[in-house]
Amino acid sequence: MLFEYLKKTYLPGELIIASDIDIGLSDNNRRQQFKVLVDSGKLIRVENGIYCIPKETRLGGTFIPSAENIASARYIQRKSDVFGYYSGYVFANRLGLTTQMPFVYEIVSNEMTSPVKKIIIAEREFVVRKPRTTIDKKNVNVLQLLDLLKDIDLYCEVPADERNRIIADYIKSSDISEAVFDKYLPLFPDKIYRNIYEMRITNVFAQ
């Protein structure tokens, strides 16, 4: 019964968080069934409590999810459920504000109850922080942006004009309104106001 449900719900290679599975099984029964499926080769155990249906690569091997894939499934997003985001140099790099990529990735996630914790996933280190408010798919873009803006001088290595253009493009492409921006702004340290003023971000909403 469990494997039939998993085949209908997850694609090969897609990460399965065992604790998400609610089909009327007790915790003990669920653990036993996952173990049986792993032992039979129908599932791969990726990390403690995380599995996937085997997926063959183009070269005929078995696809192994990366540490980033696993971290994203645990702390950022599963299917349409968004509950976290990458922050720091990772996000700045993806926007094009820096060429630097840290060895330790930073994540902000609802899954974290303590202020900050170092997590090792597939021998890779991540720092996961508790969010300033509950993250969901409606506010994730603005919270990720504000998190960056509070320390923009630390992460940015491009000229001011290019930096301002990148931030403006992100605001527009993410459809962040001034009302939403202002709603979450007070959650962040006062120094963010100076950065916003110097970057003339309010002008973006006026256009």
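**Reading a sheet and a helix pair**

Modeller: Let's start with the open sheet: three strands in the order β1-β3-β2, paired in antiparallel fashion. Keep in mind that this is a predicted model.

Colleague: What holds strands of a sheet together in general?

Modeller: Strands pair through backbone hydrogen bonds, and the pairing can be parallel or antiparallel. Here it is antiparallel.

Colleague: Which are the edge strands?

Modeller: Look for strands that pair on one side only: here those are β1 (15-17) and β2 (44-47). From one strand to the next, the twist averages 40°.

Colleague: How many bridges join β2 to β3?

Modeller: Three bridges link β2 with β3 (residues 50-52), and these two strands run antiparallel. To find your place in the structure, go to E47, which stands opposite I50 in β3.

Colleague: Which helix lies across β1, β2 and β3?

Modeller: That's α3 (residues 67-75), and it runs at about 40° to β1.

Colleague: Now the helix pair. At what angle do α4 and α5 pack?

Modeller: Helix α4 (residues 88-95) packs on helix α5 (residues 140-149) at about 105°, and their axes are 10 Å apart. Angles of 65 to 115 degrees count as roughly perpendicular, so α4 is roughly perpendicular to α5.

Colleague: Which residues in α4 and α5 meet?

Modeller: On the α4 side, pick out F91, A92 and L95; on the α5 side they meet Q144, L145 and L148. Sort the residues of this contact by type and you get five nonpolar, one polar and no charged.

How values were computed: Residues numbered from 1 in each chain as written. Predicted model: local features only at pLDDT ≥ 70, side-chain atom pairs only at ≥ 80, totals over all residues. Heavy atoms only, no water. Axes fitted to C-alpha atoms, helices over the stretch in contact; angles between N-to-C directions. Helix = DSSP H or I, 4+ residues; strand = E, 2+ residues; numbered from the N terminus. Parallel < 35°, antiparallel > 145°, perpendicular 65-115°, else oblique. Contact = heavy atoms within 4.5 Å. Nonpolar A, V, L, I, M, F, W, Y, C, P; charged D, E, K, R; others polar. Pairing = 2+ DSSP bridges.
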